[in-house]
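This briefing takes up the ligand sites first, and then the domains, the sheet and a helix pair. Please keep the sequence and the structure in view while reading.

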Amino acid sequence: MKVIREPGKEQWEEILARPTQRFEQLEDTVREIFKEVQQQGDRAVLKFTAKFDGLELDHMKVPSDVIESRAKDVPDALKQAIELAKSNITKFHKAQISERVSVETSPGVRCWQEKRPIEKVGLYIPGGSAPLFSTVLMLAIPARIAGCKEIILCTPPSRDGEIDPAICYAAKSCGIDKIFKVGGIQAIAAMTFGTETIPAVYKIFGPGNQYVTVAKQWATRYGIAIDMPAGPSELMVVADESADAAFVASDLLSQAEHGPDSQVILVATSESLLSSVAGELKEQLSLLPRKDIAEKAISNSKFIYVTTEEQVAELINAYGPEHLIVCMEAEEFIVNRIINAGSVFLGNYTPESAGDYASGTNHTLPTNGYARQYSGVNLDSFTKSITFQKITADGMETIGSAIEIMAEAEGLQAHKNAVTLRLREIAKNNPESALNN
Ligand SMILES: NC(=O)c1ccc[n+]([C@@H]2O[C@H](COP(=O)([O-])OP(=O)(O)OC[C@H]3O[C@@H](n4cnc5c(N)ncnc54)[C@H](O)[C@@H]3O)[C@@H](O)[C@H]2O)c1
Ligand SMILES: N[C@H](CO)Cc1c[nH]c[nH+]1
Ligand SMILES: [Zn+2]
């Protein structure tokens with residue numbers, strides 16, 4: 001853990017850098033795997049599963065009876081927890097359903113906008129280092145509410161070549177029955193091109209490691225939409241004396257344990273808080289089962305001391321964290337200045353883990369500074385907005401001449417004609433029309 005005190009602008013590059021490999025460093029691997037999957041379909045997918053997951057599989061589709069029977073292995077307490085999370089995530093995402101927007105922009109000219117589901121979507125559920133069954137809820141629930149017709153799910157097989165029971169339970173509970181045992185770049189390539197077994201989709205969703213994230217970005221070259229780059233987890237905590245050092249350390253470790261390339265940052269306006277958190281971190285880290293992973297992530301991480309709340313806000317927006325926890329008396333001051341962040345957690349009793357699992361917000365969020373231009377997954381991620389318009393003869397009389405003048409000015413005679421013909425017809429049918437003057 002590096003400590004940086006009162007950083008000058010020359011140190012910002014170091015503060016803002018992420019520990020993940022850059023797109024260009026992974027591009028060659030991704031290109032090669034995409035090419036083989038495009039040309040050889042299932043054969044290539046199985047080959048790369050053997051290479052990267054160490055498993056020689058002979059099929060990838062998980063049969064419905066296997067999903068059913070593995071789901072039964074989930075302990076009752078976990079099933080109940082998943083159902084509680086599902087209920088909150090459903091409530092929050094249903095509340096995002098928006099009414100159609102309809103406006104009469106000029107008399108007789110009605111324009112409106114309606115949402116329609118994306119028909120075919122692919123959900124990627126991470127499973128390399130831990131089977132993230134909570135991600136099934138985060139993606140499948142909004143996909144269902146939006147009304148997506150074909151929903152498929154890809155996730156890496158576990159060591160026994162099967163799918164984790166809790167992933168099966170969460171999928172079944174959300175009505176998803178097309179599950180494929182495939183992870184990494186090969187899963188994203190399969191959903192991009194389609195193979196004999198895995199259908200192609202229109203949009204790919206879900207978080208993953210740096211390979212998955214670059215593969216999703218690569219998929220966009222083939223016309224596939226993605227939710228956003230949602231790579232290795234990040235957390236920025238901004239805190240003052242009012243923060244609880246043990247809570248802050250536990251939050252930092254919660255994201256550090258995701259992977260060695262996770263990054264956690266503490267920005268504090270109190271030197272004494274920084275040293276208490278450092279002590280707590282050491283103590284709590286030593287007790288974690290995933291201590292080795294968290295330790296590596298912590299070594300990539302930073303403690304930053306600043307003196308003013310303005311500097312805190314500036315750092316938040318420059319870094320654009322995936323998750324931001326604010327434990328400061330000046331909470332409102334900070335909140336009003338946040339522009340770049342994926343999801344924000346306020347106060348001492350709002351751990352980031354709440355959003356990861358059960359409060360209701362979505363945990364699929366932009367990393368690596370992409371919070372500057374992307375939102376996290378939400379209901380609209382699964383829909384498209386279509387605009388409609390209906391114009392009456394009166395409406396055409398009102399705006400027709402403006403269209404004619406603009407079309408002529410752009411040198412597009414056929415555009416103008418489409419209006420002129422109608423205006424002539426309107427004038428003929430209505431001798432009173434101002435068009436006859
Ligand atoms: N941003 C978000 O919203 C969010 C949410 C949840 C999790 N995450 C992140 O998702 C990640 C999950 O990562 P994971 O690794 O556990 O699971 P994963 O499913 O993302 O990746 C596992 C796959 O990576 C592939 N792979 C491994 N090593 C490779 C290599 N050298 N070359 C090519 N492919 C390789 C394998 O095929 C494997 O199946 C973590 O970094 C976590 O922090 C992010
Ligand atoms: N923190 C992750 C998003 O970066 C989501 C997650 C799932 N399970 C636990 N955590
Ligand atoms: Zn997490």
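Ligand 1 lies between domain 1 (24-105 + 119-227) and domain 2 (231-375), because both domains give residues to the shell around this ligand; the domain bounds come from an automatic or database domain assignment. The model is a predicted one, in which local features need pLDDT of at least 70 and side-chain atom pairs count only at pLDDT 80 or more, whereas totals for chains, interfaces and linings use all residues. Residues are numbered from 1 along each chain as its sequence is written, while chains are lettered from A and ligands numbered from 1 in the order in which they are written.

**Ligand 1**
- There are 31 residues around ligand 1, and those that come nearest are Gly128, Gly183, Gly184, Pro207 and Gly208; a residue counts as near a molecule or strand if its C-beta atom, placed from the backbone, lies within 6 Å of it.
- The shell around ligand 1 is made up of 12 nonpolar, 17 polar and 2 charged residues, where Ala, Val, Leu, Ile, Met, Phe, Trp, Tyr, Cys and Pro count as nonpolar, Asp, Glu, Lys and Arg as charged, and the others, Gly among them, as polar.
- At least two residues of the shell around ligand 1 are supplied by each of helix H3 (42-53), helix H8 (184-193) and helix H9 (210-219); helices (H or I, at least four residues) and strands (E, at least two) are DSSP runs, numbered from the N terminus.

**Ligand 2**
- Around ligand 2 are Leu132, Ser134, Thr135, Ser233, Gln255, Glu322, Asp356 and His363, which divide into 1 nonpolar, 5 polar and 2 charged residues.
- Ligand 2 lies between domain 1 and domain 2, since both of these domains give residues to its shell.

**Domains**
- The assignment for the protein chain also gives domain 3 (392-429), and the C-alpha centres of domain 2 and domain 3 lie 58 Å apart.

**Sheet**
- An open sheet of 5 strands runs in the order E6-E5-E4-E7-E8 with parallel pairing, two strands being paired if DSSP finds at least two bridges between them.
- Strand E6 (179-181) and strand E8 (225-226) stand at the edges with a single partner strand each, so one side of each is left without a neighbour in the sheet.
- Strand E4 (residues 120-124) pairs with strand E7 (residues 203-205) in the parallel sense over 3 bridges, and the bridge partner of valine 121 in E7 is lysine 203.

**Helix packing**
- Helix H2 (residues 23-40) packs against H8 at an angle of about 45°, with their axes 9 Å apart; axes are lines fitted to C-alpha atoms, for helices over the stretch in contact, and angles run from 0 to 180 degrees between N-to-C directions.
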